[in-house]
Amino acid sequence: PNSNPWVGGAAGAAWATVFSQYGALIMFWRWMTTRPKVGVDKGKGLKLNWSKFTKFGGKKGDSIINEEDETKRVDVTQGIMELTGTSAEGKSRRKQFRAFLGSKNLLKGIRLQSSYESLHSAKEEQPARVKSSPKTRGFLADGKLTFRDYLSVSKIDVPTAKEFAPFVIPVTTTSIGRISGYIAMSHVASSTLGTFDMAAHQIIFSIFCCLTPIVDALSQVAQSFVPSIHGIKAKSEARANALRKTINNFRKVGACFGVLLVSLVSMIPLISRYFTSDPLVMQKVNGAIPGVALFLIVNGLMCAGEGSLLGQKDLVFLRNSYALFFFTVPAYMLRLKYRALAGLQTVGIGTMWAAFATYNVIRTTIWHARLAQLQRRTNREVQ
C-alpha cells in the first residue's frame with residue numbers, strides 16, 4: 001500500500017471517487033454534444049446518396065436503362081409479335097434474344113436488379129432506424145450550449161425558469177433534510193462512540209449507500225407518471241380511479257423492493273468478513289442490522305410516496321415536512337450523544353440506526369397518509 005498521505009488509504013479512495021465522477025461527466029457531455037451517425041446498421045457505417053442510383057442500381061450514365069430512355073414512349077407490340085411469331089422479319093430478333101438468354105448480361109442484370117431492391121429496402125428502413133435513436137443524443141450539438149452560456153445571465157430562459165421555480169425550495173429541502181440525518185449520525189459515531197463502533201458504522205453505512213439507490217429511482221419514475229394523470233384538467237371519475245390505481249401500483253412495487261432489500265441485508269453477516277477481520281467489529285456490525293433492515297423495508301414505500309407527492313405538486317407540504325425533519329432528526333441524534341456522554345444511556349450504532357429507522361417509518365407513514373387525504377379530496381371533486 002502507498003504510504004503517501006495524499007494518495008494512500010482513505011485519500012486514495014476519495015481521489016478514485018472524484019476521478020470517476022469527472023469520467024462520468026465527460027462521457028455524458030460527449031453523449032449530449034455528439035450526433036449519432038446516420039445509417040442502417042444501428043446508426044453505424046452505411047451512408048448512401050440515393051440520387052446516384054437508377055432503376056438497376058448503376059450510376060447515372062452507365063446504367064442499363066437510363067432515365068431518359070424510361071421517359072420515351074415505345075411501341076413494343078411489333079417487337080413482341082416478332083419474338084413470339086415465325087415471320088421472316090423477326091428471325092434476326094429471335095436469334096439475338098436466344099443469344100442474350102445464354103449470355104452473362106442476363107445474370108448481370110438480375111444481380112443489379114437485386115442490388116437495387118436491397119438498396120431501396122434499406123432506404124425505407126433507414127428513417128425508422130434513425131428515429132429510434134435516443135432523443136438526448138446530440139441535443140447540445142451544433143454549438144447550442146457553450147461554456148459562456150453558464151456564466152451569462154442574459155441566456156436564461158425566464159418563462160422556463162418560472163416553471164421550475166416552485167420546485168427549487170422543496171427539492172432543496174428534501175436533499176438537505178436527508179443529508180442532515182446522515183451527518184448527525186456520523187458526528188455522533190465519531191465523537192461519542194468508541195473505535196470499534198466507528199469502524200462498524202463505516203462498514204454498515206457503506207453497505208447502506210449501496211442498497212438505497214435501488215429504490216431511489218421509484219421517486220423519479222413516480223414524478224414522471226403521476227403528473228400525466230394529475231395534470232388532466234377535466235375532473236372525472238376515470239381520472240380519480242387512474243390516479244388511485246397508479247399510486248397503488250407504485251406502493252406495490254415499493255413493498256416488493258423493500259422485501260428484496262431486507263433479503264440483501266440478511267446477507268451482511270456473511271459478507272462483513274470481507275470488510276474487517278476483527279470479531280468485535282463484526283459483532284457491532286451485526287448489532288446494527290435490525291435498524292438497517294427496518295429502514296430499508298419501508299424505503300421503497302417512502303420513495304414511491306415522495307415521488308407521488310411531487311408528481312401531484314404538493315410542494316408546500318413536502319417543504320414544511322423536510323424543514324421540520326432537518327431540525328428534529330439531528331436534534332434527536334445530538335440528544336443521544338448527550339445521554340451517552342452523561343452516562344445516562346448506553347449508545348451504540350444499533351441505537352443510532354434504530355432511531356434513524358424510526359424516522360423513516362414515521363416519514364413513510366406521513367407520506368401515505370397525505371396521499372390518502374389527497375385521494376379523498378380528488379374523489380369528492382367528482383361526486
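L270 lies in helix 11, where helices (H or I, at least four residues) are DSSP runs numbered from the N terminus. L270 is exposed, with a relative accessible area of 52%. Here, buried means under 20% relative accessible area, exposed over 50%, and partly exposed in between (1.4 Å probe, protein chains only).

This is a predicted model, in which local features need pLDDT of at least 70, side-chain atom pairs count only at pLDDT 80 or more, and totals for chains, interfaces and linings use all residues. Residues are numbered from 1 along each chain as its sequence is written, and side-chain values use heavy atoms, with hydrogens and water left out.

L270 also belongs to a nonpolar surface patch of about 730 Å², together with I214, L260, L264, M267, I271, Y274 and F275. Two or more residues of this nonpolar patch come from each of helix 10 (237–265) and helix 11 (268–271). A patch is made of residues with over 30% relative accessible area and no salt bridge, with nonpolar side chains (Val, Leu, Ile, Met, Phe, Trp, Tyr) joined within 5 Å and like charges within 9 Å. The areas come from the Shrake-Rupley method with a 1.4 Å probe, and for residues only the protein chains shown count as cover.

## How the helices pack

Two packed helices are described by the angle between their axes and the distance between the axes. Axes are lines fitted to C-alpha atoms, for helices over the stretch in contact, and angles run from 0 to 180 degrees between N-to-C directions.

Let's start with helix 10 and helix 12 (residues 279–297): their axes come within 8 Å and cross at roughly 160°. Helix 10 and helix 12 are therefore roughly antiparallel to each other (angles under 35 degrees count as roughly parallel, over 145 as roughly antiparallel, 65 to 115 as roughly perpendicular and the rest as oblique). Their crossing is right-handed; a crossing is left-handed if the near helix is turned anticlockwise from the far one by less than a right angle, and right-handed if clockwise.

Now turn to helix 7 (residues 158–191) and helix 8, which pack at an angle of about 160° with their axes 9 Å apart. That makes helix 7 roughly antiparallel to helix 8. The crossing of helix 7 and helix 8 is left-handed.

## The salt bridges

How many salt bridges does a search of the whole structure find? There are 2, each being a side-chain nitrogen of Lys or Arg within 4 Å of a carboxyl oxygen of Asp or Glu.

One of them joins the side chains of K284 and D197 (3.6 Å, N to O). K284 is in helix 12 and D197 in helix 8 (residues 195–211), so this pair links distant parts of the chain, 87 residues apart. K284 is partly exposed at 29% relative accessible area, while D197 counts as buried at 10%.

D314 and R370 also meet through their side chains in a salt bridge (2.6 Å, N to O). D314 lies in the loop between helix 13 (299–311) and helix 14 (315–341) and R370 in helix 15 (residues 349–381), so the pair ties together parts that are 56 residues apart in sequence. D314 is buried, at 11% relative accessible area, and R370 is buried at 16%.

K313 has its place in the loop between helix 13 and helix 14. Its phi is near 60°, a positive value in a residue other than glycine. K313 is exposed, with a relative accessible area of 58%.

F28 lies in helix 1 (residues 9–33) and is exposed, with a relative accessible area of 55%. The C-alpha atoms of F28 and R137 are separated by 9.4 Å, though the two residues are 109 apart along the chain.
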